[in-house]
Every structure is written in structure tokens, then in C-alpha cells.
Amino acid sequence: MKNIVTLIIGGSLGGLTTALVLSRIGISSTILERTTGRTQRGVAIRVAGAPLHNAVGKSTYKAITDILGEAAVRQGTLPHSWWDVYQALRTVALEDANIQIVEGAKIVEVGQDGNRPWAMSESGERWVADILVGADGYRSVVRRFVSADQQHANYAGYIAWLGQAEIPSKYKGRIRGVDFFSGNRELLAVYPLIEKNMELNHFGFGWFDSKHNGLMREIGVVNKDHVLHTPRTEAIPDSIYESLIKQAKRVWDEPWRSGVINAIEKRKIIATPISEYVPNRVVRENIVLIGDAAHAQSPMTGAGFEEATLDAVALTNVLEKHQDITQALEQYELLRLASMRRRVEGGQSFGRAML
Ligand SMILES: Cc1cc2nc3c(=O)[nH]c(=O)nc-3n(C[C@H](O)[C@H](O)[C@H](O)COP(=O)(O)OP(=O)(O)OC[C@H]3O[C@@H](n4cnc5c(N)ncnc54)[C@H](O)[C@@H]3O)c2cc1C
């Protein structure tokens, strides 16, 4: 099924990967992205060589790994910075003749007329295609159409303070891999970030914390059970940052403690309320969900990108195999739904146990 036109809502890791995997079998996509290249969710992404290679094919894989460097090819256990992975995927997608990226297109509604799904932007522009893919993350607009009776992801009951810091030079040679430290209802996950030249100079961290749920509600970030948005750094009172610094001094160890404190002092830290979504359905008519729109999960699973890639591969495989779009998408749901649910529920259990 090559001569079909696909609309992908959301041009982050999930949307870009889907477009690249579809391109491998000659399917063209238009990606409609709300932001203008400044999207970011997460700090660290592990790029597993073989699965990505199988997903996007040899030449695209080479183009991605030429940008990311040796570490991506070796299937290392060390993650890249989120931004490096995003930039690599976006750069390669921009050069792919099968992919068009439209940025600054905030989609407010999707639907289907006959067998043609459509998307409409805030400015009233309308796009029509054969298949529409919702890769628009945890607050998906596309999900409202696909799963009208279960539209919202739920607040997981904790936030992740996300930041990035330098690894102090005296510790550089001693860093081994990703590390986790638990405290009282909190967990620090640290991710040494591998660079193109294989050096480790920075680490990303996620400080998971279930103690500030009241604050999230007070500043209007969490409403009942749902996350409304990620707060700006200035929306958090200084007293909270001060208490985090005190806490870090007491609870976390070097080589990470001073970097975490430094990031908080410079306010280079983002409080990200975590959402979870256990899907009951991910397909309706010719409209399909992938990535966090389909199965927002705790970052503690460390598998959001891997799962989005599995979605992209499954979708591409069914479109390659079936001539009929409805049949193909039914197969996609059959293949992926149970595994999506398991992964989100796994993250929920982990979160409850740790926090
Ligand atoms: C705190 C945190 C830490 C994480 N850590 C990891 C990790 O260590 N490893 C890992 O594999 N994964 C991690 N993840 C998850 C991972 O980033 C995602 O699962 C993965 O990137 C797939 O996301 P996505 O592209 O489906 O959604 P998103 O990354 O949420 O992207 C959605 C895109 O859609 C766009 N969009 C949204 N609404 C609209 C609209 N109405 N119109 C147009 N565009 C729209 C957004 O601007 C965005 O670009 C983490 C996530 C979070 C929140």
C-alpha cells in the first residue's frame, strides 16, 4: 500500500520516527507540529542500534548514526541527550523526500469524512489524508476522536524534576552507567550522556518526587486527575527550590549532588508532572494513535522511545501487508494494544513501589 498519504500530528521523537519508518516502504507523510523545533520531553534517550536499524532501514540508520556518532551504532547502554536524538531524527527527516514537516501548526480538531481523515489547525487550515496518525503526546487531541469515552491521561501522582549538569572533572573517568538512588518518597535517576565523540561530560537527571502534589494543584498545573501543562520555572516559588537544595545536600551523593544543586540554583530544572494512559483502543476508522498519545507511561520505564518505535514498525508492517486500510489498522491494534497496556501498568507498579 504505497500510494497513500499520511498525516502525522506531532513532530517529536514518535512522529519523526513514524515518518521515517513509513518512508522505508515508500509511504509519504506530512508531519504537523505545534511548536517550531523547540519541543522537548525528557532528558535522556537510549538509542538501541539493532531495533532502530531494523525500523528505519540501512541508509536512514546510517544518516542518524552519522549525526549521533559511534555510541549509537554500538548499542551502548549509555543514553544520548534527548535533544541530540531529536535533532538527529529531525535533520534526517527534513532531508527525506517522502517527509514534509509543517511547524507552527497547532491542531485543534481531527475527524473523518467518508474514508478521508482530516485535521484542522488553530488558524483554520485543513489537511486531508488516507490515514491520520496521532503522535501528539500525553495530552493528545487525536485521542479525543479515537477514544471519546477515555480522552485523558491521568496524573501519576508525582513529578520529575528534570535537569542537566556537568560531570565534575575529577569523577569523569569513573562514570559507569545509568544509576538510581532512592530516598523517602523520592528517587534520583541519573543518566550520563554520551556525546558524538564518545565523551561523557554531562549527565541528565530526573528527580522523581511525590511530595509536591499539593503545589501542582495550587499553581493550576494538575486539575483533578489530569495534568494540564508543564509549569514554567518561574511558576514554582523560590522557597521550593531552596528546600530542594537543602534536600539534595542531605540525600544525594557525589558525583551527582553538586551538579543537581547547581542546576537548581541556576533554575535549569523543569518540574514535569508525570501522566499515564492505559489505552482501551488506539484505532478508530482511519485514525490511529502511537507513542505517548497511545500509551503515556512513567519515564521510570525508560522505554517511551523504544515503544514509540515498536508502534511505528507495527503500523508500517500492517500497511505493507494489507491492501485495505481498515483491516491494516485493526491488525495494528491487535498486535500492539496488550503490550502497550502492560508497559504502562508496569510503570505504574514501579512508581507506586518507589514513591
Ligand atoms: C520526564 C520524562 C522523561 C522521559 N525519559 C525517557 C527516557 O529516559 N527514555 C525514553 O525512552 N523515553 C523517555 N521519555 C518518554 C519519551 O520522551 C516519549 O515516550 C517518546 O519521546 C515518544 O513521545 P511522543 O513523540 O509520542 O510524544 P511527545 O514527545 O510528547 O511529542 C508530542 C509532540 O506533539 C506535539 N503536539 C502536541 N499537541 C499537538 C497539537 N495539538 N498539534 C500539533 N502538534 C502537537 C508536541 O509539540 C510534541 O512535539 C520521557 C518522558 C518524560 C515526560
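1. Two strands are taken to pair if DSSP finds at least two bridges between them. Strands are DSSP runs of E with at least two residues, helices are runs of H or I with at least four residues, and both are numbered from the N terminus. On these terms, an open sheet of six strands has the order β5-β2-β1-β9-β18-β17, and its pairing is mixed. Strands β5 (99-103) and β17 (283-284) stand at the edges with a single partner strand each, so one side of each has no neighbour in the sheet.

2. This is a predicted model, in which local features need pLDDT of at least 70 and side-chain atom pairs count only at pLDDT 80 or more, while totals for chains, interfaces and linings use all residues. Residues are numbered from 1 along each chain as its sequence is written.

3. At one end of the sheet order, β17 and β18 (residues 287-289) pair in the antiparallel sense over two bridges. R284 has I287 as its bridge partner in β18. Elsewhere, strands β6 (residues 107-113) and β7 (residues 116-121) run antiparallel and are joined by six bridges. They form a hairpin with two residues between them, and G114 in the turn has a positive phi of about 60°. V110 has A119 as its bridge partner in β7.

4. The domain assignment, which is automatic or taken from a database, gives domain 1 (5-153 + 277-354) and domain 2 (156-274). Their centres, taken over C-alpha atoms, are separated by 26 Å. Domain 1 gives 18 residues to the contact and domain 2 gives 20 residues, where contact means that C-beta atoms, placed from the backbone, lie within 7 Å. On the side of domain 1 that touches domain 2, α4 (70-73), β4 (80-81) and α12 (325-354) are the elements that give two or more residues. By class, this side has nine nonpolar, eight polar and one charged residues. Here Ala, Val, Leu, Ile, Met, Phe, Trp, Tyr, Cys and Pro count as nonpolar, Asp, Glu, Lys and Arg as charged, and the others, Gly among them, as polar.

5. The largest nonpolar core has 108 residues, and those with the most contacts inside it are I9, L89, L132, V142, V288 and I290. Both domain 1 and domain 2 give residues to this core, so it lies between them. Such a core is a set of buried Ala, Val, Leu, Ile, Met, Phe, Trp, Tyr and Cys residues joined through C-beta atoms within 7 Å. Neighbours within four places in sequence aside, L132 is in contact with L7, I9, V110, P117, A119, V142, N286 and I287.

6. Of the 38 residues around the ligand, G10, G14, G137, G291 and G304 come nearest; a residue is near if its C-beta atom, placed from the backbone, lies within 6 Å. The elements that each supply at least two residues of this shell are α1 (13-24), β2 (28-33), β3 (44-45), β10 (154-166), α10 (291-295) and α11 (304-321). The largest share, four residues, comes from α11. The shell divides into 17 nonpolar, 14 polar and seven charged residues. Domain 1 and domain 2 each give at least three residues to the shell.

7. A55 lies in helix α2 (residues 49-56). Not counting residues up to four places away in sequence, A55 touches V21, T309, A312 and V313.

Terms used:
Two residues are in contact if their C-beta atoms, placed from the backbone, lie within 7 Å. A residue is buried if 20 or more other C-beta atoms lie within 10 Å of its own, exposed if 12 or fewer, and partly exposed in between; C-beta atoms are placed from the backbone.
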